[in-house]
Amino acid sequence: MNLYFRLIWLFVWRVRHCNSIGFLDTSRITYRALPFDCDINLHVTNSRYPAFLDLARTYMMAEMGFLKKFIKMKWMPIVNAAEFTYIRDIKPFTKFEIETKLVGWDEKYFYIEQRFVSGATLHCIVHVRGVFVCRGKQVPIETMIKEVNFEGPAPELPPEVIKWKQFLQLKKERNI
């Protein structure tokens, strides 16, 4: 239930008072780990991370200035794949920040890196691959780039994302 409250708070307050960032800049949003975000091990439960990430990606689109536009166009972001690396746990009542950055795209997908940090401590790194869909069809990456008025070459994907892409392709080939 607390994520519904956080989602409402995001739309009612945070989106209206957010910073403005560039298309390739890092978005930052702060949360506090509440007791019901935690499991019996007294740290944020693994299932809570993806929910926080959804909120952070929504906030990033608002900071970029595209959230209202994409909603109006009925573009829905869809996560195709995600990979998590947990480094340090987040204890109850810890204030943490989620850093979200679009790290690049290819002919079909966009790639986002998200980090959970508190102070100098890195808790988790996540890579997300996704698309936008409209009326059941994928919005081409070129269309998305044009709609956000980005001009310039696609950034070079980080080596870990390139390896992850290769791994995802291998999984797909081996399981068809």
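# Notebook: Glu 113 and its surroundings

I started with Glu 113, whose side chain makes a polar contact of 3.0 Å with the side chain of His 127. For me a polar contact is a pair of N or O atoms within 3.5 Å; within protein, one must be able to donate a hydrogen and the other to accept it, and residues adjacent in sequence count only if both atoms are side-chain atoms. Before going on, I noted that this is a predicted model, where local features need pLDDT of at least 70 and side-chain atom pairs count only at pLDDT 80 or more, while totals for chains, interfaces and linings use all residues. Residues are numbered from 1 along each chain as its sequence is written, and side-chain values use heavy atoms, with hydrogens and water left out.

**Entry 1: more on Glu 113.** I found Glu 113 in strand 4. Helices (H or I, at least four residues) and strands (E, at least two) are DSSP runs here, numbered from the N terminus. Is Glu 113 buried or exposed? It counts as buried, because its relative accessibility is 14%. The cut-offs I use are under 20% relative accessible area for buried, over 50% for exposed, and partly exposed in between (1.4 Å probe, protein chains only). A second polar contact, also listed at 3.0 Å, joins the side chains of Glu 113 and Arg 115. I then looked up contacts, meaning heavy atoms within 4.5 Å. Leaving aside neighbours within four places in sequence, Glu 113 is in contact with Glu 99, Thr 100, Lys 101, Val 103, Ile 125, Val 126, His 127 and Glu 160.

**Entry 2: the nonpolar cores.** Next I went inside. A nonpolar core is a set of buried Ala, Val, Leu, Ile, Met, Phe, Trp, Tyr and Cys residues joined through side-chain atoms within 4.5 Å. Which residues of the largest core touch the most other members? I got Phe 23, Ile 98 and Phe 116, out of 42 residues. The elements giving two or more residues to this core include helix 1 (2-14), strand 1 (27-32), strand 3 (95-105), strand 4 (110-118) and strand 5 (121-134). Helix 2 gives the most, with 10 residues. I also checked Phe 23 on its own: not counting residues up to four places away in sequence, Phe 23 touches Met 64, Phe 66, Leu 102, Trp 105, Met 144, Ile 145, Val 148 and Phe 150.

Entry 3: Helix 1 gives the most to the patch, with 7 residues. I picked Trp 13, which is found in helix 1, and saw that it is partly exposed at 44% relative accessible area.

**Entry 4: salt bridges.** How many salt bridges does the structure hold? I have 8, each being a side-chain nitrogen of Lys or Arg within 4 Å of a carboxyl oxygen of Asp or Glu. One of them pairs Arg 28 with Glu 97, with the closest N and O atoms 3.9 Å apart. That pair links distant parts of the chain, as Arg 28 is in strand 1 and Glu 97 in strand 3, 69 residues apart. Arg 28 is partly exposed at 42%, and Glu 97 is partly exposed at 23%. Arg 28, Glu 97 and Glu 99 are linked in a network of salt bridges.

Another salt bridge joins the side chains of Arg 48 and Asp 37 (2.9 Å, N to O). Arg 48 lies in helix 2 and Asp 37 in the loop between strand 1 and helix 2, so the pair ties together parts that are 11 residues apart in sequence. Both Arg 48 and Asp 37 are buried.

Entry 5: Most residues other than glycine have a negative phi. Leu 42 has a positive phi of about 60° although it is not a glycine. I found Leu 42 in the loop between strand 1 and helix 2, exposed at 52% relative accessible area. Asn 149 also has a positive phi, near 60°, and sits in the loop between helix 4 and helix 5 (159-174). Asn 149 counts as exposed, because its relative accessibility is 65%.
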